[in-house]
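These are my notebook entries on one model, written up in the order of looking things up. The sequence and structure come first.

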Amino acid sequence: MADTLTITDNRTGKSYEVAVKEGTIRATDLRQIKANDDDFGLMTYDPAFMNTAACRSSITYIDGDKGILEYRGYPIDQLAEKSTYLETAWLLLHGELPTSSELEEWQHTITYHTFINENLKGVLDSFRYNAHPMGMLIAMISALGTFYPEAKNINDPAVRLKQIERLIAKMITIAAFSYRHMVGQFYAYPDNDLSYPGNFLNMMYRMTELKYQPNPTLERALDVLFILHADHEQNCSTNAMRAVGSSEVDPYSAVAAAAAALYGPLHGGANEQVIRMLTEIGSLSHIPEFIKKVKSGEGVRLMGFGHRVYKNYDPRAKIIKQVAYEVFDVTGKSPLLDIALELERIALEDEYFVKRKLYPNVDFYSGLIYQAMQFPMDMFPVLFAIPRVSGWLSQWQEMIEDPDQKIARPRQIYTGSARRDFVPMEKR
Ligand code: ACO
């Protein structure tokens, strides 16, 4: 049996044989298929990349039907239980788990790179008091790059690693500073004695105490949420990172672009929508009425349910639900939790949701946790962007080292007018 595909072009009666490799055909192999000598050659039309592999990648594996998510082969539940975000970031970047000395050095490096140039505070200060923290984050990532002109040298692995360290380390600082600007509080500096998530909580919430002591349960919960959000293969923002990075721009500019993609409500904003939905439902007695509306096809969706890739329980949602209980033991239960649990119970039994394979996704419970930890809703996409930086940078690095990759430049089907002569103003 040959690993090829035979295509018969019924326009010409000609047959072509194209190679099938790794479950794909090469789109450029179709170009030989021409209706006549002037024909450009056959292309595929695939808006939103519904069925196009844009790269080969060894970073993250997803099986949406089975509900499997693995980073470098390690199941997400094992990482969530046994690893830390920084160790997971190393794994994503290097492909293997670090040795204890590698991990120690990595943690030390990231901790000692969390300070930002004082001039950047001036950039932040120029934003209006009510600026959205995600808008500030995107601008600050871009501004950060202007301090490191050597970052343009993307083909030097040592220079690349330095920027990766800086970006991962400084994300928590600019994220927390953006929040402090938004609420009109002084900037709380990093504390090198704290863990990565602990340091973030310190910069978010420290007031007059001489030493901020993060609650260990909340610190660990945040770390687990960071692990769960670190990468998710070729999603919208990662695709933006790769596309922008393919122009060989510096990684700060590419990360700013990826963060901009994440800002969109279809990507990083769904957990906010879940909180809004639960608040609007308001009580258990309103649930049947709400479910009826969702099923009536009036365009109301059960937010936090369904996923383009997962047609089973999102493996991250299971872990998050467990984390939610641990957080609520410390913070007190969110009044919205009972509504969420009842919605989930009904949806998992109801034929409408079962038939369409709609299961809770990562966003169904994450917003409740963030809210319990006192993060305002505007910070939710920022909390997603912080760990996703390690995924973006791993994918960026992989792209740069991949000889198959070039500047990203899709084709189009031109649908505009045919050639015509310019019409002078008096004749229009
Ligand atoms: N509630 C009710 N019905 C739904 C939902 C939902 N959340 N999601 C999908 N459906 C229905 C659709 O109406 C459609 O029904 P039909 O076949 O009768 O027309 C069917 O299920 C398939 O839906 P699609 O929109 O084709 O699925 P798609 O893969 O394009 O959408 C998406 C996936 C966008 C995530 C969708 O499920 C959704 O809108 N969910 C709510 C928003 C959300 O939670 N987003 C977060 C995703 S996770 C993340 O990005 C980190």
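How far is an oxygen atom of the ligand from an N or O atom in the side chain of Arg356? I find 2.9 Å. I count this as a polar contact, a pair of N or O atoms within 3.5 Å; within protein, one atom must be able to donate a hydrogen and the other to accept it, and residues adjacent in sequence count only if both atoms are side-chain atoms.

Conventions, before going on. I am working on a predicted model, in which local features need pLDDT of at least 70 and side-chain atom pairs count only at pLDDT 80 or more, while totals for chains, interfaces and linings use all residues. I number residues from 1 along each chain as its sequence is written, and side-chain values use heavy atoms, with hydrogens and water left out.

The side chain of Arg301 has an N or O atom 2.8 Å from an oxygen atom of the ligand. For the side chain of Arg308 the corresponding distance to a ligand oxygen is 3.2 Å. On its own the ligand has 930 Å² of accessible area, and the protein covers 67% of it. I note that accessible areas come from the Shrake-Rupley method with a 1.4 Å probe, and that for residues only the protein chains shown count as cover.

I then listed the shell. There are 18 residues around the ligand, and Arg301, Leu302, Gly304, Phe305 and Arg356 come nearest; a residue is near if one of its heavy atoms lies within 4 Å. By class the shell holds eight nonpolar, five polar and five charged residues. In this scheme Ala, Val, Leu, Ile, Met, Phe, Trp, Tyr, Cys and Pro are nonpolar, Asp, Glu, Lys and Arg are charged, and the others, Gly among them, are polar.

**Ser237**

Is Ser237 buried or exposed? Ser237 has a relative accessible area of 0%, so I log it as buried. The cut-offs are under 20% for buried, over 50% for exposed, and partly exposed in between, with a 1.4 Å probe and protein chains only. Ser237 sits in helix 9 (residues 236-245); helices here are DSSP runs of H or I with at least four residues, strands are runs of E with at least two, and both are numbered from the N terminus.

I took its side-chain pairs next. The side chain of Ser237 makes a polar contact of 2.9 Å with that of Asn235, and one of 3.0 Å with that of Trp392. Neighbours within four places in sequence aside, Ser237 is in contact (heavy atoms within 4.5 Å) with Ala258, Ala261, Leu262, His267, Arg388 and Trp392.

Thr173 belongs to helix 6 (residues 157-183). Thr173 too is buried, at 0% relative accessible area. With neighbours within four places left out, Thr173 is in contact with Thr114, Ile116, Pro190 and Met203.

I also checked helix 2 (residues 85-94), where nine of the 10 residues are buried, so the helix is largely enclosed by the rest of the structure. Among the buried ones are Tyr85, Glu87 and Trp90. Gly95 follows helix 2 and has a positive phi near 90 degrees.

**Positive phi without glycine**

Ala48 is not a glycine, yet has a positive phi of about 65 degrees. Ala48 lies in the loop between strand 3 and strand 4 (60-63) and counts as exposed at 62% relative accessibility.

Lys357, also not a glycine, has a positive phi of about 55 degrees. Its loop runs between helix 15 (351-355) and helix 16 (363-372).

Strand 2 (residues 14-21) and strand 3 are joined by two bridges, with Lys21 opposite Thr24.

A further open sheet of three strands has the order 4-5-6, again with antiparallel pairing. Strand 4 and strand 6 (74-75) each have a single partner strand, so one side of each lacks a neighbour in the sheet. Four bridges link strand 4 to strand 5 (residues 68-71), and Tyr61 has Glu70 as its bridge partner. The hairpin of strand 4 and strand 5 has four residues between the strands, and Gly67 takes a positive phi near 75 degrees there. Strand 5 and strand 6 pair over two bridges, and Tyr71 stands opposite Tyr74.

How values were computed
Two strands pair if DSSP finds at least two bridges between them.
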